[in-house]
Amino acid sequence: MTINSTIKEQYEINGYVVVPSLFNSDEVDLLRKTTDDIIESARGKSKSDAIHDLEDSHDADGAPKVRRIKDPVQQFDVYNALARNEKLLSIVRTLLGTNVRFHSSKINIKSAELSVKWTSNSNRFSLCYRKLRNSTYLS
């Protein structure tokens, strides 16, 4: 059984696939740093804007509390490159075939201090391709 057939079988059985170490530590570190920088750029803002969807408890004078980063692929080069990364796209093509189209992106952030039940958007960067929601978790 090839890796592609294993991935496809896992997806068909579980509805998701986990590919450990798809990205190397330098790639993950760059995504983490970029995300941290975007969150930090919300400091001093009093309301949500085109980049940040702020938590209700966000205080412009305190630490940033960001619920969502809006359209990261369209707004930040690092995420644009991720959405077009051949390693990621090869898995998407394995699951959907070669005719794939990017739809949208967002980063949902679940604060450790908030009591939030697990949701389908928990702690991930979402890229939507046709019928597949691709989520890259940064742990």
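The model is predicted, so local features need pLDDT of at least 70 and side-chain atom pairs count only at pLDDT 80 or more, while totals for chains, interfaces and linings use all residues. Residues are numbered from 1 along each chain as its sequence is written, and side-chain values use heavy atoms, leaving out hydrogens and water.

Let's start with the overall build. The protein has five helices and five strands; here helices (H or I, at least four residues) and strands (E, at least two) are DSSP runs, numbered from the N terminus. Reading from the N terminus, the order is α-α-β-β-α-α-α-β-β-β. Of the 139 residues, 33% count as buried, where buried means under 20% relative accessible area, exposed means over 50%, and partly exposed lies in between (1.4 Å probe, protein chains only).

Now look at two helices. The axes of α1 (residues 3-14) and α5 (residues 86-96) come within 9 Å and cross at roughly 65°. Such axes are lines fitted to C-alpha atoms, for helices over the stretch in contact, with angles from 0 to 180 degrees between N-to-C directions. On the α1 side, N4, I7, K8 and Y11 make the contact, and on the α5 side I91, T94 and L95 do; contact means heavy atoms within 4.5 Å.

Next come the charges. Side chains of opposite charge can pair when their charged atoms come close. The structure holds ten salt bridges, each being a side-chain nitrogen of Lys or Arg within 4 Å of a carboxyl oxygen of Asp or Glu. One of them joins E40 and R43, with the closest N and O atoms 2.4 Å apart. E40 is partly exposed at 37% relative accessible area, and R43 is partly exposed at 42%.

R67 is partly exposed at 25% relative accessibility, whereas D53 is buried at 14%.

R67 also forms a salt bridge with D56, with the closest N and O atoms 3.6 Å apart. D56 sits in the loop between β1 and β2, so its pairing with R67 in β2 ties together parts eleven residues apart in sequence. D56 is exposed, at 75% relative accessible area. These residues belong to a network of salt bridges that links D53, E55, D56, R67 and R68.
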